[in-house]
Each structure stands twice: as structure tokens, then as C-alpha cells.
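Welcome to this tour! Open your viewer, and let us walk through the model one stop at a time.

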Amino acid sequence: MNCICSQRDLKDALIAASKALPTKPQTPILNGIYIVAKNNQLEIQATDFALGVIAKIPAEIEDEGTIVVNGKNITEIISKLAGDIVTISTEEGNSATFKSEAASFSLYTMDAEDFPKVSVQEFQHSLFIKNNVLRKLIARSTFATSNDDSRPVFQGCSVTIEGSTITFVATNTHRLVVVKAKIEDNIEGENKFIVPAKTLNDLMWIINSAREDNGVKIEFSDKHIAFTVNNIFVTCRLIDGQFPPHEKVIPASCETYANLDISEFRSAISRVEIISKQTEYNTVRLKFDSEGLELSSDSYETGKVIEHVNAAVEGPGVEIAFNLRYIQDFLKIAGGDEVRIGMNDKLSPADFRITGDDDFIYIVTPVRT
């Protein structure tokens, strides 16, 4: 192999591919990133069997060839090179040299024949979605997924595509989020599957790094899903299992509603956190009445905090407690100026919504105190 390519292009492609490097590889070859120089381009691959990434970048190819090098090492090396151009060459033996300006790195290579190349299969369905639409769906959903390996269904987002509407649902059984968006395509029937949250978060990085907003192509079948963002192809296995019906968790109606300024609420929560994070369940108590909202938290070791926030309360007063982090997570991604909280009593789930935004529902189970 002997070729020249852009340092920036190579760096972005390697970082994208490294998202598929396993933390605990089943075999040593999975530590590697596969690079093939052919047809005036470099094709770069990585996989952990569940997730696969293929990135393609233009290159001047003098001699075609294929190598596999340690993925973490090559990604770090190329990211720190100072020059604009990288020269890649192989010599006799099992090494590859990467040069840029005054720096030259020689890395041992692995047997490319052993690398399990990412397969590009046929998919039954496909659609296009704008970058900013998919970015918003991911940002508003994956934070609510579970980290419990014993319940993989809750480690993903349930995605439903029907007609021109796409819906993401996520839960860790203590909170639930439902996010909807419109797409330009019109998809026949109801298509439902569970996508790993990790894949979606990796995809978010790729979307944010895209230099051109050409939209994202989504293809899916019964077992797999693929996303194409410009020159980067990401594919993964869907999560097997039945996602629970989320509609039953959303309150049909609420006796009490409270409207709060999001900025003021966010600031108050950040101050109450100083005490609440030292409690066993990071608990914050909310008391709604005709005077507005009183937030409080107390720690036996540290002390107590009381904060008052303006709120327009409709209906009977309510005292309710939550894990403060669940409220913070909502406020971090909430746009708009005002949040509307619907409640029934201190033991029933509360309904958080952004005023004027019907496409985002956040349900939180209270903490028993």
C-alpha cells in the first residue's frame, strides 16, 4: 500500500470507525481497524459484531493494499498529527508507516484475512430524515434509557415509523420519554423496532461532525438497522424483545397543573442539588400551592435548602418528591420558555411538557418519602 490522504478526513473517519471498537474484544483482531486503499479512496472499517462502521474518504492511491492496525493507537496518532496530509505506506514484513510533516509512526499490522468485514446487506425499508430532526430525537430520548444489562430491552429506544411520523420511546421503568417528529417520506404500515441507545449516541457524534447536512438515510429489516451520514455507514443489530406499552403510563388527565419559567426552574434546581446530591436518593421535594412552588431538600450530614420559584398553579395543592437528576436531565434538553407539570397526587407519575411543544412528553415516577 502506498497512498496520500487528508489528515482531517482520515481523523474523522477513524474516530467514527472507533465507535465500533469493543471494550472487551472476543478476539484480538477486533482491536483493529481495517483499511483498504482502492479505487482512489480509503475504506475504513471497525466492528464488534453487534455494531459496524464503514467510512470512505478520497485518497491518491499509488499502490493498492489492505492493512489492519490497532484501532485506538492509529486514531490517537492521526488525531495528533500536525500536517494537513498523511502518507500511508507498507514495507516488507508486518508494519505500516504513517507520515505527516516531521512525524513518522510505524505500527505493527494484523492479518487482514482474519478481520470480520462489515457486511452491507439488503434492507426491506428505507427513508431519509434531516440531520437536525434525527439529532433532536436522539437527544430527547436516549438519556432516559437504562444501564441495566439484565434488561436489554430498556437499553434501547423503541422506534415506531408509521406514515410520515417517527416516534422514539425510552424508559428505565422510573421515567418515560416519548418524542415525535415528522419525516418527508410516507411509510406504509406500522414499523416498530428497538435500537440500542449506544448506537444512537454514537450516531449523534457522527451527525454533529458532518460537514454537510445531506440528511440521514435509514434502512431497516427485521433484525438490523443502518444509518448513512454522507460518507459514513453505521449498522447494528436491533434489540430482541417486546417493549412494554407506554401509553398506559401517561396520565389520562391531571388534577393539578403548574406552569414554570424553564430558566428560573433550572437555576433553582442547580442550587438545590448542592444538598440533594448528598441524600440517599438525590431527593428534592416540590410543594405546589397558590403561592407558587417551594423546592426543598435536607441531608442529615450537611443541612437543608429551601428555594421559592414563581409558578402558576391550577387545581389543588400537591406535595411530591423526585430524584432531582431526573428533573435536571429533562431541563438540560428542554427547549422553549415554559414547562407545564401535571400531577394527581404524591404517589402518581407526573407529566412534564414544554408549553407549545406537543411532540415531547416526559413522565417521572415520584420518590416515596
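At which angle do the axes of helix H1 and helix H2 cross? Select residues 7-18 for H1 and 71-80 for H2: their axes come within 9 Å and cross at roughly 150 degrees. Axes here are lines fitted to C-alpha atoms over the stretch in contact, with angles from 0 to 180 degrees between N-to-C directions. H1 and H2 are therefore roughly antiparallel, a term for angles over 145 degrees.

Before moving on, note that this is a predicted model: local features need pLDDT of at least 70, side-chain atom pairs count only at pLDDT 80 or more, and totals for chains, interfaces and linings use all residues. Residues are numbered from 1 along each chain as its sequence is written, and side-chain values use heavy atoms, leaving out hydrogens and water.

From H1 come Gln7, Leu10, Lys11, Leu14, Ile15 and Ser18, and they meet Ile74, Thr75, Ile78 and Ser79 of H2.

Now select Leu10 together with Leu42, Ile129, Leu260, Phe265 and Phe352. These have the most contacts inside the largest nonpolar core, which has 102 residues. Such a core is a set of buried Ala, Val, Leu, Ile, Met, Phe, Trp, Tyr and Cys residues joined through side-chain atoms within 4.5 Å; buried means under 20% relative accessible area with a 1.4 Å probe, protein chains only. Strand S12 (residues 175-196) gives this core its largest share, seven residues.

Last stop: Ser221, in the loop between strands S13 (216-220) and S14 (224-229). Ser221 counts as buried because its relative accessibility is 12%.

Methods: Buried < 20%, exposed > 50% of the residue type's maximum accessible area, 1.4 Å probe, protein only. Helix = DSSP H or I, 4+ residues; strand = E, 2+ residues; numbered from the N terminus. Parallel < 35°, antiparallel > 145°, perpendicular 65-115°, else oblique. Contact = heavy atoms within 4.5 Å.
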